[in-house]
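Thank you for making time this morning.

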2 protein chains.
Amino acid sequence: MASLKSLYDPKADLESALHTNFDVDYVIDYRFATTPKPQAEAQFVKLIKALNDVGLATEVRNGDNCAVLVFVKVASDRHLNAEVYRSRVQDWLYGVRSAAPEKEMQKNLNDEPVTEAERLRLAYLLITKPKNEGGAGITPKSGEWKGVESIFALHDHAFNKRWIKELSSKYFLNAKDLIEIRDTFGEKIAFYFAFLQSYFMFLIFPAGFGACAWLLLGQFSPLYAIINALWGIVFIEYWKKQETDLAVQWGVRGVSKIQHKRPEFKHESVVTDPITGEELKVYSPIKRLARQLLQVPFAIAAASVLGSLIAGCFAIEIFISEVYDGPFKAYLTFLPTVILTTVMPTLSALLTGFARKLTDLENYETQDSHEAAMIQKIFVLNFITSYLPIFLTAFVYVPFATVIVPHLDVFQLAVRPFAENEKQMTAPKVGFQINPDRLKKQVIYFTVTAQIVNFALEVIVPYVKRSFFRKVKEVQADRAAKKGGGASSPTADDHPEESSFLVRVRNEAELGAYDVTSDFREMVVQFGYLSLFSVVWPLTGVSFFINNWIELRGDALKIALETQRPVPWRADSIGPWLESLGFLSWLGSLTSAALVYLFSGDGLGPDGTPWNIKAWGLLLAMFFSEHIYLGVKIAVRTALSKIDSPGLQKERGERFIVRKQFIEESMGVDAAEKAAAGGIAAGEKISKSTLEEEAKESTLKGHGTPEEKFWQRQPGQAETIAIGKSYIAKAAPNATKETKKEL
Amino acid sequence: MASLKSLYDPKADLESALHTNFDVDYVIDYRFATTPKPQAEAQFVKLIKALNDVGLATEVRNGDNCAVLVFVKVASDRHLNAEVYRSRVQDWLYGVRSAAPEKEMQKNLNDEPVTEAERLRLAYLLITKPKNEGGAGITPKSGEWKGVESIFALHDHAFNKRWIKELSSKYFLNAKDLIEIRDTFGEKIAFYFAFLQSYFMFLIFPAGFGACAWLLLGQFSPLYAIINALWGIVFIEYWKKQETDLAVQWGVRGVSKIQHKRPEFKHESVVTDPITGEELKVYSPIKRLARQLLQVPFAIAAASVLGSLIAGCFAIEIFISEVYDGPFKAYLTFLPTVILTTVMPTLSALLTGFARKLTDLENYETQDSHEAAMIQKIFVLNFITSYLPIFLTAFVYVPFATVIVPHLDVFQLAVRPFAENEKQMTAPKVGFQINPDRLKKQVIYFTVTAQIVNFALEVIVPYVKRSFFRKVKEVQADRAAKKGGGASSPTADDHPEESSFLVRVRNEAELGAYDVTSDFREMVVQFGYLSLFSVVWPLTGVSFFINNWIELRGDALKIALETQRPVPWRADSIGPWLESLGFLSWLGSLTSAALVYLFSGDGLGPDGTPWNIKAWGLLLAMFFSEHIYLGVKIAVRTALSKIDSPGLQKERGERFIVRKQFIEESMGVDAAEKAAAGGIAAGEKISKSTLEEEAKESTLKGHGTPEEKFWQRQPGQAETIAIGKSYIAKAAPNATKETKKEL
């Protein structure tokens, strides 16, 4: 890795600029390259006014490429504190915090200082919330704010530097590291790192056991499959618990209930909530359901399009590598890869765009549900592109190759220009051999090569690209300066004290936004390989273990250097990804059993096909595997639910204290303690005198009713005892007599 | 049905006794037939003292058969009210009530009057809770209180009479009826009736559709199987929602968290809760887990014992009915039935006793967990005895009969004394015919005959028995009176005003306790037949629909007349039965698919066996059926979760109000409204003057830091706007020029 200093910025004199952000909370990148001057000015004035109206202070500086950068901070500490306190009280109102906030605002803020993430989140909300909810209503790139290219916070480079240094010098993140991430980048990103960390820790087991299995058990070991599935169950159930625990510890449990409305949401009618008196914008859920049903044809269409592309390329590849026997075979083998790498990204982008349109059409009210719906669709697309090739090899090519290969002659078209004669393009009628290593090779490709390529595309390529473009820009600027056109250079007006800072801000303005979803997706897809196919190549775990050590650091580097500082959103879980993990783990119980059944034992027969496949055997293996899986899952869940977690303990305690407090206020300390003790040991004791008093009372009232007479026959304990004794004396001797008789 | 009046009691002059309970809360039946007189007296004194110590008033009267009846009521209204209020506050403390109780005790009691169930529950707890928790610590039939035969509340006969009259005159219970049951018998029993009612309502569909299917589709219709499974899913998911809703409406949601400690619980150590300061008795969960694992061998043993008994009888039956051809065949056919009806109850009782011992050994801390563990074991036993015979017929007898029947010769032993020659006892080598109606007949037996028999055993037989024994008692008493041994007659000391009341109480003392578990079990087992096997005979639903109309009334009659008044315990759900229902419904998706595959189409082949069974086809059918089932379940659950329920709305509203109240107290009404509105629209507005003030302040402080300087360059909105405009003016013309150039 290059030295960190040079990574941060090529110019060493910018170093000092890393130390201060000039108290800037957000930078608004306002662009007017395509807007006529009067409109641009009017819109700018409107922007500044909107910001000032909600208590934000502004400064403006020149930006690159026909842009101005508006620097924003919350104008007064008092305003910020009020916002923070209000948000905390709102959390309590909605049940996110179990501990009630201190009634004294200042005391609350002293007890629990405002974190950077909290401040930035509230400032962002102030800028973007609709006007009727008390924000400035600035929505980047949409509607009247089309000119606002982005709203981004400035990186805390001192922190970033220290953070990345620290990460690269330790193996595991501890709770403190996670809290640091949470305080800087918000809970949503902290959850990603917490998940990645837990997953990485858990990978130790499949890595170690996988290595042993690879050495001792070989491929397609039933034992490996069982232990791998068990590991998946334990990991997912552990993470579920861990997730809740972290949410409680971070004070965000149930925060998904406080949802951010989507400004794009279109309502049909406005309803007043009978209880809270809030006005609720409503969209018919039935209409939405009807639109959601479009997902089904979408999934089918996506599956067929992507599936036929993959299956087609796969067939061509087999045809060329195993049937074709003419010239250029070595080069032609790459033909399907070329087709895939050119067509697939376009197709994927097309389908993703379609998925986005579909999600928009579903018109969700909140950001969270919108995101979840989008993730669902993306997961379907990813599932097909990531796993279908291996599925085809394992469950179509190997069992049915001898049936299918002779029909691959249709692909002669692809190689006709190169073949010298027909025979080269015709499958041999006998003696066709299945390539038994294909499956393993493919799994290795997806679990090693693809991971490395992915990492390069994700972290290294953007860095190189960015460095290159920056260089180009510098050269252009130099040239422009030499030409003397200095007036239009954005740096011309810079105050010398700020110039290095502004250079940095202009650079950050050029960066893309960080999308935690794509990182999650990568990890979930990876987990899928482990769960679905690692029985083919038990070293999968080792590869992922190494990969994820780098991945975590790479992601940190990406956030710190390659993207704008993300808005520190809150979250109380990893969201819909958990379900995807569960689904993959469950599917793994089916595929692993099938793979073991198909390929284990002596393995392949004389012609390369597994020799003793019986459909009922395969189905029975899958059936048992799945049901044992489900049974074990319930057992593991039950066992884990019995273990108390520090977070839940904390929450229980806090809730208890709040309620006790309430009762103390309403009943006095004494009563509260009694109620809390759950008993009436110290409760009101009835004394002889009370009883006698009541008796007297009833005598005074007269004993008209039969009920009163009934209870007056033995007015006190003594009478009851005396009369009872007499009854026993009368009855008991008889009893003894009888027993004697019996004897 | 006999006239209600005569059902209540044969003597018409007792009628007046039905109108009052003399304010008695509980009757303690203290028996001393086998205790020497001095001990009996000492124990009695101790009993009365213990009761008086916790504020209970007592009266004593003679009981039948060497017993005295101690009548108990809470001595003063003030004491009762304090208990009620304390319990309500405790509910709030533990999160059961979302609305905080009124701070003024009397106001709370006026707003929400004490129900009979509430009073009786608290009185029962006063009598039975351990001394250190403020109760009298009287535990019937155990430890030092062995003499206490039972503690029971007196029936409210006026209510019972009206209730049963009302039930028999209407088809469906409405919410008011359920609340009445809840107020009288407690939430636990109300949940049973609510469940039974929902189940009955839902049965309309399988009854109607089943009748149509029977007419139009015949047996083993795939369409019927699919719709039946779908119905099961909808019913269970609906009930889950309904259960929560009722719990919220009845104010008992989460009441299972407030658990009653089992007096039999043995703790290993005492730990002080760090937060609440309560002393907690602890038993190692690992030790418990180890003991819980004993359930596995228990289940296996039970399954093998019951299974082999059932399988054995089954085999004998087949042997006799289909192989044996000698004399007495008609009578010998009943041999297995005789074996089953004699051995099975004994075996069941033995296994149930064993299950109880096992559950005791598991040493649960609370009544609820103890009960749940017991229910689990009972469910396993019931599952085997109820469904195994049909499983054997469907999945062993029909497919494998031709293989198995020739081996049934081992049962020749059973018929050897009757057979005239060997040939009569030997299976024909060829031409053996499977009885194709056996499966249907068996299902009809279990779903019609067995239900009727069960009802008779449950309601009618006990009534007849009780009437008979009461008659005998009366005759004996008359004879004793004639002999002149009147001194020892329990009625001798009765005050004339009370005598008819006491006769009634003595009768109630002889009754058994009501066990809602066995009623639940009956319904769950019934649901199982519908879910697992109704595809064999689609009229199952009709039979159950009729049966359950009677069942609900029968159960009411049982509670009112055949058993002591149950202690009105609370509950927030039907408990572990829900899981049993889910399991049966899921299993139904497997069995129905298997039955349809095995028997549908043209059905049986020439020799009576289904002719085209293929193992892979069967497995594939089950595989698809199960996965479609699971998918649909998720879809139904998701769809239902989108529907709001009145109970949840109520709860949300209550929680909202409580929190708002809290904030009002802590922040003043104004702030609360702001926080509740979720916005800062009305929040602190930053005015020009504030900004200027702060600016001045910072000027006074000196502007040493670069941050202050940065923000002072454009001290107000006007400056920002002016400077921004100048930037735009400078940059924009270039932009327009460029666009022109491009044009």
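**Chain A and its sheet**

In chain A, if we take the contacts with a separation of 6 or more, 76% of them are between residues 24 or more positions apart. Please keep in mind throughout that this is a predicted model. Chain A has 743 residues, of which 38% are buried, and its secondary structure comes to 25 helices and six strands.

Let me begin with a stretch for which we have an annotation. An unreviewed UniProt entry lists residues 23-148 of chain A as "domain: Anoctamin alpha-beta plait", and in the model this span is 43% helix and 18% strand, with its end C-alpha atoms 21 Å apart.

Next, the sheet of chain A. Four strands form an open sheet here, in the order S2-S3-S1-S4, and the pairing is antiparallel. Strand S2 (56-63) and strand S4 (148-153) of chain A each have a single partner strand, so one side of each is left without a neighbour in the sheet. Ignoring direction, neighbouring strands of this sheet are turned by 20 degrees against each other on average. Looking at one pairing in more detail, strand S1 (residues 26-31) and strand S3 (residues 67-74) of chain A run antiparallel to each other and are joined over six bridges, and within S3(A) it is A:Val68 that stands opposite A:Tyr30. Helix H2 (residues 37-53) of chain A packs on this sheet, where it touches S1, S2 and S3 of chain A, and its direction makes about 150 degrees with that of S2(A).

Turning to chain B, we find an open sheet of four strands in the order S2-S3-S1-S4, with antiparallel pairing. Its edge strands are strand S2 (56-63) and strand S4 (148-152) of chain B, each of which pairs on one side only. Strand S1 (residues 26-31) of chain B pairs with S4(B) in the antiparallel sense over four bridges, and B:Asp29 has B:Ser150 in S4(B) as its bridge partner.

Which residues touch the most other members of the largest nonpolar core? That core has 298 residues, and the ones in question are A:Tyr26, A:Val27, A:Val70, A:Ile127, B:Tyr26, B:Val27 and B:Ile127. As background, nonpolar side chains in soluble globular proteins tend to be buried together. To take one of these residues, B:Tyr26 is in contact with B:Val72, B:Ala123, B:Tyr124, B:Ile127, B:Ile151, B:Phe152 and B:Ala153, once its neighbours within four places in sequence are left aside.

**Helices in chain A**

Helix H6 (residues 157-168) and helix H19 (residues 540-562) of chain A pack with their axes 10 Å apart, at an angle of about 170 degrees. Since angles over 145 degrees count as roughly antiparallel, that is the description that applies to H6(A) and H19(A). From H6(A), the residues at this contact are A:Asn160, A:Trp163, A:Ile164, A:Leu167 and A:Ser168, and they meet A:Arg553, A:Ala556, A:Leu557 and A:Ala560 of H19(A).

The unreviewed UniProt entry also carries the annotation "transmembrane region" for several spans of chain A, among them residues 223-239 and 296-320. In the model, residues 223-239 of chain A are 100% helix and 0% strand, with the end C-alpha atoms 24 Å apart. Residues 296-320 of chain A are likewise 100% helix and 0% strand, and there the end C-alpha atoms are 35 Å apart.

**A few single residues**

I will finish with some individual positions. Most residues other than glycine have a negative phi. A:Asn363, however, has a positive phi, near 55 degrees, and it lies in the loop between helix H13 (335-362) and helix H14 (367-404) of chain A. With 18 C-beta neighbours inside 10 Å, A:Asn363 counts as partly exposed.

B:Lys141 also has a positive phi, near 65 degrees, and is placed in the loop between helix H5 (116-128) and S4 of chain B. Is B:Lys141 buried or exposed? It has 12 other C-beta atoms within 10 Å, and is therefore exposed.

Note on methods. Residues are numbered from 1 along each chain as its sequence is written. Chains are lettered from A and ligands numbered from 1 in the order in which they are written. This is a predicted model: local features need pLDDT of at least 70, side-chain atom pairs count only at pLDDT 80 or more; totals for chains, interfaces and linings use all residues. Two strands pair if DSSP finds at least two bridges between them. Helices (H or I, at least four residues) and strands (E, at least two) are DSSP runs, numbered from the N terminus. A residue is buried if 20 or more other C-beta atoms lie within 10 Å of its own, exposed if 12 or fewer, and partly exposed in between; C-beta atoms are placed from the backbone. Two residues are in contact if their C-beta atoms, placed from the backbone, lie within 7 Å. UniProt positions are given in the numbering used here, feature names are shortened, and annotations may be inferred rather than shown by experiment. A nonpolar core is a set of buried Ala, Val, Leu, Ile, Met, Phe, Trp, Tyr and Cys residues joined through C-beta atoms within 7 Å. Axes are lines fitted to C-alpha atoms, for helices over the stretch in contact, and angles run from 0 to 180 degrees between N-to-C directions. Angles under 35 degrees count as roughly parallel, over 145 as roughly antiparallel, 65 to 115 as roughly perpendicular and the rest as oblique.
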